[in-house]
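User: I would like to go through this model with you, one topic at a time. Please keep the answers plain.

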Amino acid sequence: MASKRKVAKRGISAFLIVALALAVFLNFNVKTVVVSGHSMEPTFQSGRRLLVSKAFWLIGPIRDKDIVVVTDSNPDGYIIKRVYKMGGETVDWRYVPRNWPLANGPYKVPPGKLFLIGDNLPVSEDSRAFGPVDMSQVLGKVIIL
């Protein structure tokens, strides 16, 4: 009977250690954000909660068409946009930054930057207005839609 209790205690201890490790991992690598505004419609409606991860080694690197959350100019602010092009890629002339003279030729995204656009192009304030964002501004990649 004593050995069954030892096995039960070890099992419970192992479970608690795994649960604690998972909680610490989630606390540092996963967060919830709330969609605010209409720039990502119809994909996301305002008020929708999204799960975001910065554990790229687990969910894969950022690629074109991924949805990311990046820091905003507000201290606690963030924006949610779709990756249109990454560093070194050429942006289609329809989406170049508004201040880019077409006489300069094709617009290439600088290395280490992302060119972001909203799914609702007519109302989206995105890289067409504020330019490409640095990879260091990425808070995470949306993993649950």
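User: Which backbone nitrogen does the side chain of Glu 89 reach?
Analyst: The side chain of Glu 89 reaches the backbone nitrogen of Met 86, at 2.6 Å. A polar contact here is a pair of N or O atoms within 3.5 Å; within protein, one must be able to donate a hydrogen and the other to accept it, and residues adjacent in sequence count only if both atoms are side-chain atoms. Please note that this is a predicted model: local features need pLDDT of at least 70, side-chain atom pairs count only at pLDDT 80 or more, and totals for chains, interfaces and linings use all residues. Residues are numbered from 1 along each chain as its sequence is written, and side-chain values use heavy atoms, with hydrogens and water left out.

User: Where is Glu 89 found?
Analyst: Glu 89 is in the loop between strand 4 and strand 5 (90-91). Strands (E, at least two residues) and helices (H or I, at least four) are DSSP runs, numbered from the N terminus.

User: Is Glu 89 buried, exposed or partly exposed?
Analyst: Glu 89 counts as partly exposed because its relative accessibility is 28%. Buried means under 20% relative accessible area, exposed over 50%, and partly exposed in between, with a 1.4 Å probe and protein chains only.

User: What does Glu 89 contact, leaving aside neighbours within four places in sequence?
Analyst: Glu 89 is in contact with Asp 64, Tyr 107, Lys 108 and Val 109. Contact means heavy atoms within 4.5 Å.

User: And what of Lys 108; which residues does that one touch?
Analyst: Not counting residues up to four places away in sequence, Lys 108 touches Gly 88, Glu 89 and Thr 90. Lys 108 is placed in strand 6 (residues 107-108) and, at 52% relative accessibility, counts as exposed. Its C-alpha atom is separated by 8.9 Å from that of Lys 85, 23 residues apart along the chain.

User: Over which ring does the charged end of Lys 85 sit?
Analyst: That end sits over the ring of Tyr 84, 5.3 Å from its centre. The rule asks for NZ of Lys or CZ of Arg within 6 Å of the ring centre and within 35 degrees of the ring normal.

User: Which residues do ring pairs link into a cluster?
Analyst: The cluster consists of Tyr 84, Tyr 95, Trp 100, Tyr 107 and Phe 115. Rings of Phe, Tyr and Trp (its six-membered ring) pair if their centres lie within 6.5 Å; planes under 30 degrees apart count as stacked, over 60 as edge-to-face and the rest as tilted. The count comes to 4 aromatic pairs. Among them, Trp 100 and Tyr 107 are edge-to-face, at 4.9 Å centre to centre and 75 degrees between the planes. Tyr 107 is buried, with a relative accessible area of 9%, whereas Trp 100 is partly exposed at 25%.

User: Changing topic: in what order do the strands of the open sheet run?
Analyst: The 7 strands follow the order 1-2-9-3-4-7-8, and the pairing is antiparallel. Strand 1 (30-34) and strand 8 (133-134) are the edge strands, each pairing on one side only. Two strands pair if DSSP finds at least two bridges between them.

User: How many bridges join strand 4 to strand 7?
Analyst: Strand 4 (residues 78-86) and strand 7 are joined by 4 bridges, with Met 86 opposite Leu 114. Strand 9 (residues 138-144) pairs with strand 2 over 3 bridges, where Leu 51 stands opposite Ile 144. Strand 3 and strand 9 also pair over 3 bridges, and Val 69 has Gly 140 as its bridge partner.

User: Which residues make up the largest nonpolar core?
Analyst: Its 10 residues are Val 33, Val 35, Met 40, Phe 44, Leu 50, Val 52, Ile 67, Val 69, Ile 80 and Val 142. Strand 2 (49-53) and strand 3 (67-71) are the elements that give two or more residues to this core. A second, separate core of 9 residues includes Ile 62, Val 68, Ile 79 and Leu 114. Such a core is a set of buried Ala, Val, Leu, Ile, Met, Phe, Trp, Tyr and Cys residues joined through side-chain atoms within 4.5 Å.

User: Finally, which residues does a cis peptide bond join?
Analyst: A cis peptide bond joins Glu 41 and Pro 42, with omega about 5 degrees. Pro 42 lies in the loop between strand 1 and strand 2.
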